[in-house]
Amino acid sequence: MFLRFFRKYSTAKLSQDFRLYDGRIKEKVPLQIQHGSPYISFYTCGPTVYDAAHIGHASCYVRLDILQRILRHHFQLPLITAMNITDIDDKIIVRAQERQVHWQQLARQYEDEFWSDLKKLNVRLPDIKLRVTDHVPAIIRFVQTLIEKGYGYTTNDGSVYFETAKYERYGKLQRIVIEPANETHKGDKKHPSDFALWKASKPGETYWVAPTFGDGRPGWHIECSTLASHLFGNKLDFHAGGLDLRFPHHENEETQSCCYHNVPDWVTHWIHTGQLHLEGQTHKMSKSLKNTVSINELLKDYSADEFRMLCLLSHYRSVIEYGPEAMTTARNVLRKFESFFSDSKAYIDGLKPATYDSTSTDNLLAKLSTTRLSVKQFLQNDFNTANPVLALGELASNVQKLINSHEHEQCASQTALIGASNVGAVLAVTEYIREELLAYGLESMNKQYAQHSSTSKETDQPFAQLIETIVSTRSEIRLQAMATKDAQLFKVCDMLRDRLAVANVELKDHGKTTSWNFPERVGK
């Protein structure tokens with residue numbers, strides 16, 4: 001079993017102040033983890049692969065990826081993550097018939113696209129992937145057990161339904177009350193709320209043999225219950241998905257799993273992400289409404305990190321509005337951090353004058369300490385990610401004010417004591433901010449921090465050598481302009497800077513010196 005490879009985890013390491021929203025009671029509750037467990041289970045409902053994923057789907061998986069990264073990085077929880085792929089379903093069958101291809105071929109095509117899309121968005125893939133069609137025998141056994149326990153019944157056509165009236169707590173996730181069936185109710189189901197565990201086979205459709213209750217294929221809800229139980233047994237720490245899955249999918253999962261395992265609650269923490277709307281619309285993105293934006297279309301206009309920042313700037317349970325205005329805000333936040341890393345690197349590399357000021361250094365280190373504490377407290381409060389991003393931005397601004405305060409002081413570094421400067425404090429803050437942003441999955445921050453400066457090894461590369469020559473020549477012109485106060489020479493310097501920017505080379509002037517780098521291209 002894979003469990004033996006994971007270390008024993010002490011729940012004492014968890015902060016008692018960590019609180020998560022519980023949709024059952026509409027309140028935040030303390031984080032609860034199984035005592036003595038060597039791992040923390042986190043199961044996510046995956047897609048039904050009948051079409052390409054869109055950014056409504058992407059927002060869910062990016063948000064959940066952020067939450068998982070926080071649990072792993074900030075709170076050192078040994079997560080084991082799993083996700084299912086629904087590769088047999090009415091929608092898949094219908095779409096395959098429309099395109100005159102085998103349903104399995106269609107499902108594999110869109111499954112491959114889905115995993116590829118997640119990689120493009122820098123979503124960490126689940127530790128365990130499970131296809132429904134690989135586990136049908138286990139699903140049949142699950143259904144049979146529910147029948148034997150008196151919760152399942154067979155209809156005239158050979159389908160099997162769960163009898164919701166047999167479970168007193170049905171509706172606990174959504175807080176709904178099931179009324180008795182009235183006399184006008186028609187059909188084989190005993191009650192309109194009863195849901196399919198097993199769908200009887202139809203002529204010409206794929207089916208699996210179930211000797212005790214008839215040939216057919218799994219119902220939707222039974223799939224996740226079986227697969228998650230197969231991995232994690234009778235208790236799940238986290239079960240996640242979009243808000244639209246809370247009812248009926250997650251409600252039915254919880255119901256049948258509690259009955260199967262004879263437990264009062266199967267899932268400890270349900271996590272539901274808010275939906276994505278297009279700006280100006282009040283309904284979610286949906287293929288049926290023809291208001292979708294594909295992930296490839298997104299990445300033509302914006303980078304994966306810009307979309308991730310959009311997700312970070314809102315609470316995971318809230319609605320995300322997607323459009324030019326929202327994406328511009330996300331892009332600008334990223335650019336501010338990129339500017340910070342560029343200034344910080346220039347300061348650390350000696351391209352900006354470094355002076356020693358004990359008061360400002362002490363203040364900066366104190367600000368670093370309070371920011372660390374604030375970020376942790378925000379994240380403990382139901383994964384509040386927007387406030388940590390703002391706190392990190394404020395800390396970065398404090399650093400930039402400090403290191404740019406001597407921008408126009410000539411030879412300021414010569415007046416400082418040898419080895420006495422604010423560089424150590426600036427480096428400590430820079431490393432912390434970089435580590436935090438990387439912990440949320442913002443990969444471009446790592447690239448930005450490691451970008452080229454005038455002392456970088458990239459000068460060995462032919463193109464970089466050419467840029468270095470151009471920048472050096474411009475620096476000589478700029479020094480001449482500063483000495484003579486020649487406006488025309490300054491214009492030449494500005495023109496060279498602007499033309500290099502078109503070639504994706506960013507210049508930054510620091511007093512009498514200049515640094516350059518390759519900023520992240522939009523949509524790449």
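Predicted model: local features only at pLDDT ≥ 70, side-chain atom pairs only at ≥ 80, totals over all residues.
**Exercise 1. The surroundings of L243**

Solution. 
Step 1. Take T273 and compare sequence with space. L243 and T273 are 30 residues apart in sequence, while their C-alpha atoms are 5.4 Å apart.
Step 2. Place L243 in the fold: the residue belongs to the loop between β10 and α6 (246–261).
Step 3. Apply the cut-offs. Buried means under 20% relative accessible area and exposed means over 50%, with partly exposed in between.

**Exercise 2. Strand β10 and its sheet**

Task: State which strands form the open sheet that contains β10, in what order they lie, and how β10 is joined to β3 and to β11.

Solution. 
Step 1. Write down the order. The open sheet has 5 strands, arranged β5-β4-β3-β10-β11, and their pairing is parallel.
Step 2. Identify the edges. β5 (128–131) and β11 (267–273) are the edge strands, as each pairs on one side only. On average, neighbouring strands of this sheet are turned by 20° against each other, direction ignored.
Step 3. Examine the pairing with β3. Strand β3 (residues 40–44) pairs with strand β10 (residues 236–242) in the parallel sense, over 3 bridges. F42 has F238 in β10 as its bridge partner.
Step 4. Examine the pairing with β11. β10 and β11 run parallel and are joined by 6 bridges. Here H239 stands opposite W270 in β11.
Step 5. Consider the covering of β10. This strand is mostly covered, with 7 of its 7 residues buried.
Step 6. α1 (residues 55–73) lies across β3, β4 (79–85), β10 and β11, and runs at about 165° to β4.

**Exercise 3. The nonpolar cores**

Task: Find which residues touch the most other members of the largest nonpolar core, and explain why this core lies between domain 1 and domain 2.

Solution. 
Step 1. Name the residues. The largest nonpolar core has 128 residues, and F307, Y322 and I433 touch the most other members.
Step 2. Find the largest contributor: α1 supplies 10 residues, the largest share of this core.
Step 3. Compare the domains. The core lies between domain 1 (19–301) and domain 2 (321–409 + 421–454) because both give residues to it.
Step 4. Inspect Y322. Leaving aside neighbours within four places in sequence, its contacts include I55, L276, L298, F307 and M327.
Step 5. Note that another core, of 8 residues, lies apart from the largest one; A464, L500, L507 and F518 are among its members.

**Exercise 4. Two packed helices**

Solution. 
Step 1. Two packed helices are described by the angle between their axes and the distance between the axes.
Step 2. List contributors. The contact involves residues of α9 including V333, F337 and F340, and residues of α11 including L392, A396 and I403.

Methods: Residues numbered from 1 in each chain as written. Heavy atoms only, no water. Pairing = 2+ DSSP bridges. Helix = DSSP H or I, 4+ residues; strand = E, 2+ residues; numbered from the N terminus. Axes fitted to C-alpha atoms, helices over the stretch in contact; angles between N-to-C directions. Contact = heavy atoms within 4.5 Å. Core = buried A, V, L, I, M, F, W, Y, C linked by side-chain atoms within 4.5 Å. Buried < 20%, exposed > 50% of the residue type's maximum accessible area, 1.4 Å probe, protein only. Domains from an automatic or database assignment.
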